[in-house]
Amino acid sequence: MRLFGRKAENTPAGEPDNGIAGFWTWWQETRPRLDSMVAAGDTDGLSEWLAPAVSAVHPDLVWEVAPGRNAAHALVVTAAGDAELRSLAHRWARAAPPADLLWEFHPSRQVNPRALELTLDVGGHSFGLDGLVLGLRVPRSTPRVDVAAYHPIFGELGADDRMEATLLALDWLLGEDDVARWVGEITPATFEPIDSVAATHLPAVVADLASGYGEEQWALLEGQTAGGAPLIATARYPLRPVDYPLFDQHIAITLPYSHRDENGLPVGDSLTALRDFEERLATRLLKLRDDAVLAAHLSAEGHRIIHVYADPTGDAAVHAKELVVSWEEGEPRVDVVADPAWTAVVPFVS
């Protein structure tokens, strides 16, 4: 059984209180009824109950009941590409009860090994992966593969339906998280791309691409500030929020420096002090491996800004505030805000 859903207009008795804890309390209380619906193949009843329950966590979360990997069924509650909601979906899954023989829980769509057997109705037309072909292009020196997707029914569909079918197919082939990691531009096409291949080849192409990015890497970048001043930055590469789904707290550490060149960039003792500070910060973050990551830092106009993303339930912000006390070149600052979409480092996201 595969059941898709988004929202429910009517709320049955038993709707949970707002929030993740409320959902799981509701789940435990309602599970015997849900199990009986699954056993009877009552997809309408299951949707009627699940849709408002998920919507109570957040109305823009998308849910799905799919075949499980180890259990009979998987309940998937996903942000569906909405970066603002990714951490919420993962916290929902983290709070789930242990999987059993009947149910398992995921915060994103998983690879479906039986994807070639599935056929869906899309805009009144039959859509299956056995008819999907892909044009694949890996732009030079990028950790992404651009995908042009073609299916014989695409010429009969509107743009939104073509895109929805393509995204669903990619999720089945790679899993939703790997689509976010490795797939760049997605173009549903109404004509078959030149040199297209069967969709089933996509996982092998992505695996080959990913093999070149197994080690931690950093990119050195140059640019200008909004006012035109020279800027240098170092960023983790590839930098992808999907790799750190619970790190939705942005910690910006601003360090003014005294010794600078004519372009406002650090030199001499200031450069040494900045390197020493970052080494001490990295040492602390290493101990917080599961709670924080150094994403990037940039220097311009006499200031270095260090961008750290962290799980707000951890102590990364406390460590940052403790460290800046030792900074001697001007008044340092630590700003801590919620930023689940990593908007502060968008220019560096791969």
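Modeller: The average pLDDT is 90, and 95% of the residues score at least 70. An exception is the stretch of residues 7–17, where the pLDDT is below 50, although in the model this stretch has 24 contacts beyond near neighbours in sequence. Where pLDDT is low, the predicted coordinates should not be read in detail.

The protein contains eight helices and 16 strands, and its C-alpha trace spans about 70 × 55 × 35 Å along the principal axes. Of the contacts between residues at least 6 apart in sequence, 70% join residues at least 24 apart.

Now to the helices themselves. Two packed helices are described by the angle between their axes and the distance between the axes. For helix H7, residues 268–287, and helix H8, residues 316–324, the axes come within 11 Å and cross at roughly 150°. Since an angle over 145 degrees counts as roughly antiparallel, H7 and H8 are therefore roughly antiparallel to each other. The crossing in which H7 passes H8 is right-handed. On the side of H7 the contact is made by Phe277, Arg280, Leu281 and Arg284, and on the side of H8 by His319, Glu322, Leu323 and Val324. Sorted by class, the residues of this contact of H7 with H8 are four nonpolar, one polar and three charged.

A second pair can be described in the same terms. The axes of helix H1, residues 20–40, and helix H3 come within 10 Å and cross at roughly 40°, and H1 and H3 are therefore oblique to each other. The crossing of H1 and H3 is right-handed. Here Ile20, Phe23 and Trp24 of H1 meet Leu88, Arg91 and Trp92 of H3, and the contact of H1 with H3 is made up of five nonpolar, no polar and one charged residues.

Phi of alanine 80 is near 50°, a positive value in a residue other than glycine, and with 42% relative accessibility alanine 80 counts as partly exposed. Tryptophan 342, which lies in the segment after strand E16 (333–338), likewise has a positive phi, of about 55°, although it is not a glycine. Tryptophan 342, however, is buried, with a relative accessible area of 0%.

Leucine 116 is found in the loop between strand E4 (103–106) and strand E5 (119–122), where its relative accessibility of 46% makes it count as partly exposed. Leaving aside neighbours within four places in sequence, leucine 116 is in contact with Leu129, Asp130 and Thr200. From leucine 116 to alanine 189 there are 73 residues in sequence and 20 Å in space, C-alpha to C-alpha.

Conventions
Residues are numbered from 1 along each chain as its sequence is written. This is a predicted model: local features need pLDDT of at least 70, side-chain atom pairs count only at pLDDT 80 or more; totals for chains, interfaces and linings use all residues. Side-chain values use heavy atoms; hydrogens and water are left out. Axes are lines fitted to C-alpha atoms, for helices over the stretch in contact, and angles run from 0 to 180 degrees between N-to-C directions. Helices (H or I, at least four residues) and strands (E, at least two) are DSSP runs, numbered from the N terminus. Angles under 35 degrees count as roughly parallel, over 145 as roughly antiparallel, 65 to 115 as roughly perpendicular and the rest as oblique. A crossing is left-handed if the near helix is turned anticlockwise from the far one by less than a right angle, and right-handed if clockwise. Contact means heavy atoms within 4.5 Å. Ala, Val, Leu, Ile, Met, Phe, Trp, Tyr, Cys and Pro count as nonpolar, Asp, Glu, Lys and Arg as charged, and the others, Gly among them, as polar. pLDDT is the predictor's confidence in each residue, from 0 to 100. Buried means under 20% relative accessible area, exposed over 50%, partly exposed in between (1.4 Å probe, protein chains only).
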